[in-house]
Amino acid sequence: IIFCMAETNLIDPIFHARLTPYRSLGRHGFRVLMSILVGCWLLVGIVFLSIGAWPIFGFFGLDVLLIFLAFRWNYRSARAHEEVLLSSQHLAIRKVAASGKSAEHEFNPSWTKFNVKRHDFVGVTSMSVEGQGRHVTLGSFLNPDDRESFAKAFASALGQAKRG
């Protein structure tokens, strides 16, 4: 999650955020993990080949391939993101799916309501923007801490936009 606040004027945004899904294993970690898995596969596979159990070598390799594909699918879904741009007269939300398809939503901040649903133990469970008969959810892929910090910053910025 990346966001910043700026001074209010008609040209510059008050608030700009790019919300991205969190992935605990980066590119380097993924390479290390796959290297370890391939190394184990080769070591154990050679043992099975040496005792004549060659089909196990292939099936064990298939497991490593499936793990690789699962991680690639996970990283592909991480390409989804949302961008929120708020000025004193304009609120723009752009949601980009993992496929690259995007949808843009525009609101007048004066007529916009920011809804935050909370749970006592979890914190913020959902966030949405409503206005002019439309409803857009925000940050559904964020973890609870990121949802909390975004909700606090965006609510403050929206209040500032409505005042100024």
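The exercises below work through a predicted model of one protein chain, each with a solution in steps.

Because the model is predicted, local features need pLDDT of at least 70, and side-chain atom pairs count only at pLDDT 80 or more, while totals for chains, interfaces and linings use all residues. Residues are numbered from 1 along each chain as its sequence is written, and side-chain values use heavy atoms, with hydrogens and water left out.

**Exercise 1. Find the order of the elements and state how spread out the protein chain is.**

Step 1. Count the elements: the protein chain has 3 helices and 8 strands. Helices (H or I, at least four residues) and strands (E, at least two) are DSSP runs, numbered from the N terminus.

Step 2. Read them from the N terminus: the order is β-β-α-α-β-β-β-β-β-β-α.

Step 3. Compare the radius of gyration with the globule rule. The radius, taken over C-alpha atoms, is set against 2.2 Å times the number of residues to the power 0.38. For 164 residues the rule gives 15 Å, and the protein chain has 23 Å, well over that value, so it is more spread out than a compact globule.

**Exercise 2. Describe the burial, surface and charges of the protein chain.**

Step 1. Buried means under 20% relative accessible area, exposed over 50%, and partly exposed in between (1.4 Å probe, protein chains only). By this scale, 32% of the 164 residues count as buried.

Step 2. Areas come from the Shrake-Rupley method with a 1.4 Å probe, and for residues only the protein chains shown count as cover. The protein chain exposes about 10400 Å², of which carbon and sulfur atoms supply 61%.

Step 3. For charges, Lys and Arg count as positive and Asp and Glu as negative, with His and the chain ends not counted. Each charge is placed at NZ of Lys, CZ of Arg, CG of Asp or CD of Glu. The mean positions of the 18 positive and 12 negative charges are 5 Å apart.

**Exercise 3. Where does pLDDT stay under 50, and what does the model average?**

Step 1. pLDDT is the predictor's confidence in each residue, from 0 to 100. The protein chain averages 87, and 93% of the residues score at least 70.

Step 2. Over residues 5–10 pLDDT stays under 50. For this stretch the model has 16 contacts beyond four places in sequence, a contact being heavy atoms within 4.5 Å.

Step 3. For the protein chain, residues 24 or more positions apart account for 51% of the contacts with a separation of 6 or more.

**Exercise 4. Is Val 124 buried or exposed, and which residues of the list does it touch?**

Step 1. Val 124 is found in strand β7 and is buried, at a relative accessible area of 0%.

Step 2. Beyond four places in sequence, Val 124 touches Val 116, Lys 117, Arg 118, Arg 147, Glu 148 and Ala 151.

Step 3. Turn to Arg 147, in helix α3 (residues 144–163), which counts as buried at 10% relative accessibility. Arg 147 and Val 124 are 23 residues apart in sequence, and their C-alpha atoms are 6.1 Å apart.

**Exercise 5. Where is Gln 132, and what is its phi?**

Step 1. Gln 132 is in the loop between β7 (123–131) and β8 (134–138).

Step 2. Its phi is near 55°, a positive value in a residue other than glycine. Gln 132 counts as partly exposed, at 47% relative accessibility.
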